[in-house]
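My plan is to look things up one at a time and write down what I find.

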Amino acid sequence: MAGAGGGGNDVQWCFSQVKGAIDDDVAEADIISTVEFNHSGELLATGDKGGRVVIFQQDTENKSQPQCRSEYNVYSTFQSHEPEFDYLKSLEIEEKINKIRWLPQKNAAQFLLSTNDKTIKLWKISERDKRPEGYNLKEEDGRCRDSTTITTLRVPVFRPMDLMVEASPRRVFANAHTYHINSISVNSDNETYLSADDLRINLWHLEITDRSFNIVDIKPANMEELTEVITAAEFHPHQCNTFVYSSSKGTIRMCDMRASALCDKHSKLFEEPEDPSNRSFFSEIISSISDVKFSHSGRYMMTRDYLSVKIWDLNMENRPVETYQVHEYLRSKLCSLYENDCIFDKFECCWNGNDSVVMTGSYNNFFRMLDRTQRRDVTLEASRESSKPRQVLKPRRVCAGGKRKKDEISVDSLDFNKKILHTAWHPQENIIAVATTNNLYIFQEKVN
Amino acid sequence: MSACTLVSVSTVLGCHSCSRIDMFSKGTKRKFSDDGDEMLDESLAGAQVSSSYSLQRQSLLDMSLIKLQLCHMLVEPNLCRSVLIANTVRQIQEEMTHDGSWQVVTEAFCGGSQSPSERLVATEVLCRSREQDAEPKLFSVLSYEGCREEEVVADETLCSVSVSDTASNVCLSESARHCWERDELVDADRDDETCESSRLGPGDDEDDDDEDDDDEDEEVDIDEESPRDNPKTMGQVFGTFEIKNGTPGPDSALEELFSDVDASYYDLDTMLTGIQSAPKMGPYDLLDSLAPSHGPPSIGSPSSCRSDLNELDHIMEIIVGS
């Protein structure tokens with residue numbers, strides 16, 4: 001199936017690159033916490049638990065030749081957030097980067113928003129490949145020249161230099177969130193963005209840091225009555241007045257900012273009635289939505305709960321149009337997963353460029369590609385063993401019970417420490433970035 | 001990270017059997033009825049299955065309460081996770097109330113309509129009678145905080161589905177009982193000693209003497225001052241997420257200032273009035289009535305417990321306001 005961004009049954013995925021330390025001893029600061037391609041796909045940003053942002057750039061020199069694979073190389077690394085201490089509550093504020101969102105490119109520089117639990121920062125990443133030389137009043141090393149020794153004047157000129165990529169914080173949006181920020185989303189108007197924490201959503205203007213508007217507030221008057229929190233939020237890709245937010249009870253609310261200043265009242269509520277035959281004490285926990293993403297077209301949205309991925313048509317509120325099981329074999333293990341806290345893992349999901357395939361992560365370093373048009377799904381693995389250059393990834397199978405066939409792995413052998421929570425898909429090409437605990441894998445479509 | 005291996009667990013809890021309610025009600029009524037002990041084989045089997053279900057439900061409840069109590073980290077805990085666990089606790093409590101298992105235990109001793117306070121006596125007697133078997137309740141849980149806390153309940157209860165006498169009937173915790181006794185003007189000292197000795201009794205049987213003795217001593221001291229600290233009410237659990245804003249009025253600011261301070265006396269009032277007015281306990285009161293854990297909890301490595309004890313000291317300092 002031709003077409004950029006398509007993921008039809010003809011697509012075979014090959015290993016391209018892996019970034020990060022090889023050894024199994026994972027430093028906590030290196031744990032990847034977010035992955036995001038920019039709007040052109042040329043840049044790939046990762047954030048980690050240590051508060052650092054690493055940006056990779058696609059090597060475009062050989063792109064004209066279809067056989068050549070484009071590689072991503074480190075473009076810029078900077079410390080985005082530092083650990084802080086809240087003295088009033090005697091609690092640390094983690095520097096872990098929860099989300100990165102790129103702004104659409106307007107000029108030569110790139111801009112991204114990065115956030116930890118409490119503070120959002122706007123970073124400007126700019127290149128410098130020339131520098132001025134020939135100043136009249138200062139030497140090349142910066143020392144001032146004695147003006148009495150100057151006998152001639154010259155015009156400084158720009159000379160090429162080694163490429164330098166600088167990241168500088170342009171805005172710091174702080175002190176607006178009492179609870180932990182879980183989402184940021186840039187509006188299609190390119191002027192505003194939202195930030196969502198567990199109980200509130202704020203609207204910011206990119207230029208203004210000392211003020212934000214609260215647009216959703218679900219905090220009850222008495223915290224003892226708290227039963228539901230916000231888990232994710234996103235602006236519609238084309239309608240600048242529309243955004244959605246998901247909850248821990250498995251609902252998604254769509255709000256229209258034109259309706260009122262405070263969007264506590266939703267304009268649409270997406271909720272699927274519970275299946276009574278599957279009811280258990282864990283039903284609510286596994287229905288909690290960990291991620292919500294609009295399709296590129298803006299017609300659909302995808303939600304990820306613990307066991308499944310659901311595609312919703314924005315015009316139909318009472319049930320999703322498609323449901324895909326990610327790892328249904330875990331349903332009988334929910335008690336154990338509750339015990340070891342894995343049931344609270346927040347998996348993300350993403351669309352491919354033309355909205356035909358969706359991807360999400362699982363345990364044992366498995367990730368799932370769900371083809372909506374072909375109605376096929378495949379489980380792949382990100383592992384060092386399958387990391388030879390251009391090695392085609394073999395589909396993996398999990399045996400839920402009974403006789404285990406050859407090449408299958410049984411549920412009890414799965415490693416629940418190896419979880420793929422963060423994945424990203426290039427907006428135009430079949431290139432995917434998959435984050436294991438501390439490594440970033442880049443896979444590409446096999447070209448024949 | 002410790003290895004996360006799946007424990008092979010009976011699927012009773014996770015299952016969707018609609019008949020579990022029927023099984024439970026059938027078995028329970030037979031078991032606790034005044035009609036006598038004649039139990040037919042079928043109902044005996046039914047009672048065993050339903051007991052295993054209630055055992056597992058109880059262990060899930062215990063596990064959830066432990067998870068909620070472990071909020072005293074250096075970093076602010078995850079609010080979403082806390083809310084989901086609290087909702088699970090509420091669900092279990094609602095089901096137990098609905099199934100009558102909340103009242104069942106008291107009826108076994110009182111056998112009839114009694115006032116709520118008398119019902120408390122029954123449960124208190126029930127607890128006391130089980131002292132020899134039961135592990136130290138609240139505070140032993142706290143002492144293992146930071147150690148592999150899941151081991152406290154998981155291995156014994158989730159894996160073993162045997163029906164035993166130390167069935168996990170709900171009863172008030174020692175701290176709640178403690179407060180109740182004080183209010184009833186029972187000789188506080190004598191009761192303190194009774195409680196303490198009963199608590200220390202099983203504690204002395206522990207393998208790791210040093211840490212546990214220190215722990216027990218510490219807990220005993222703390223208990224005399226503020227018995228209700230550690231099983232914080234839900235308001236206190238969620239209350240730690242509040243920060244002091246500049247704008248709110250003086251009352252709320254004061255409230256927030258004291259949110260970490262021991263509010264045990266206020267809790268005492270609300271608990272008692274709550275009991276007088278309605279026998280049904282609120283979902284968050286369950287935090288105060290952690291049922292006894294079953295087997296001897298396994299202790300993690302001494303070194304990790306020691307560092308966690310330092311953390312514990314630090315936390316207790318903050319709470320007690322020393």
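Entry 1: I start at A:D355, which lies in the loop between β24 and β25 of chain A. A note to keep in mind: the model is predicted. Is A:D355 buried or exposed? Its relative accessible area is 9%. The cut-off for buried is under 20%, so A:D355 counts as buried. I also looked up its phi. The value is positive, about 65°, although A:D355 is not a glycine. Most residues other than glycine have a negative phi.

**Entry 2: another positive phi.** A:N190 is also not a glycine, and its phi is positive, near 60°. I find A:N190 in the loop between β12 (183–186) and β13 (192–196) of chain A. With 28% relative accessibility, A:N190 counts as partly exposed.

I then checked one pair in detail. Five bridges link β25 (residues 357–361) and β26 (residues 366–371) of chain A in the antiparallel sense. For A:V357, the bridge partner in β26(A) is A:D371. Strands of a sheet pair through backbone hydrogen bonds.

**Entry 3: a second open sheet.** Chain A has an antiparallel open sheet of four strands in the order β1-β32-β31-β30. Which strands stand at the edges? They are β1 (13–19) and β30 of chain A. Each has a single partner strand, so one side of each is left without a neighbour in the sheet. The twist from one strand to the next averages 20°.

Inside this sheet I looked at β31 (residues 431–435) and β32 (residues 440–445) of chain A. They run antiparallel and are joined by five bridges. A:I432 in this pairing stands opposite A:F443 in β32(A).

Entry 4: Next I went to β16 (residues 230–235) of chain A. How many of its six residues are buried? I count six of six, so I note the strand as mostly covered, given that buried means under 20% relative accessible area. β16(A) pairs with β17 (residues 242–247) of chain A, antiparallel, over five bridges. The two form a hairpin with six residues between them. A:A233 stands opposite A:Y245 in β17(A).

**Entry 5: a buried lysine.** A:K419 sits in the loop between β29 (408–410) and β30 (422–425) of chain A. Its relative accessibility is 16%, and therefore A:K419 counts as buried. What does its side chain meet? It makes a polar contact with the side chain of A:D345, at 3.0 Å. Leaving out residues up to four places away in sequence, A:K419 touches A:C342, A:D345, A:S362, A:Y363, A:N365, A:A435, A:T436 and A:T437.

**Entry 6: the nonpolar cores.** Which residues have the most contacts inside the largest nonpolar core? The core has 44 residues, and the answer is A:Y306, A:L330, A:L337, A:Y338, A:I343 and A:L414. The elements giving it two or more residues come from both chains: α1 (283–287) and α2 (334–339) of chain A, and α2 (41–69) and α3 (79–99) of chain B. α3(B) gives the most, with nine residues.

I followed up A:L330. Not counting residues up to four places away in sequence, A:L330 touches A:Y306, A:L307, A:L337, A:Y363, A:V411 and A:F416. There is also a second, separate core of 17 residues, including A:F367, A:M369, A:L380 and A:Y441.

**Entry 7: chain B as a whole.** I finish with chain B. It has 14 helices and zero strands. Of its 322 residues, 50% count as buried. Chain B exposes about 14700 Å², and carbon and sulfur atoms supply 52% of that area. Among its contacts with a separation of 6 or more, 83% are between residues 24 or more positions apart.

Note on methods. Residues are numbered from 1 along each chain as its sequence is written. Chains are lettered from A and ligands numbered from 1 in the order in which they are written. This is a predicted model: local features need pLDDT of at least 70, side-chain atom pairs count only at pLDDT 80 or more; totals for chains, interfaces and linings use all residues. Side-chain values use heavy atoms; hydrogens and water are left out. Buried means under 20% relative accessible area, exposed over 50%, partly exposed in between (1.4 Å probe, protein chains only). Contact means heavy atoms within 4.5 Å. Accessible areas come from the Shrake-Rupley method with a 1.4 Å probe; for residues, only the protein chains shown count as cover. Two strands pair if DSSP finds at least two bridges between them. A nonpolar core is a set of buried Ala, Val, Leu, Ile, Met, Phe, Trp, Tyr and Cys residues joined through side-chain atoms within 4.5 Å. A polar contact is a pair of N or O atoms within 3.5 Å; within protein, one must be able to donate a hydrogen and the other to accept it, and residues adjacent in sequence count only if both atoms are side-chain atoms. Axes are lines fitted to C-alpha atoms, for helices over the stretch in contact, and angles run from 0 to 180 degrees between N-to-C directions.
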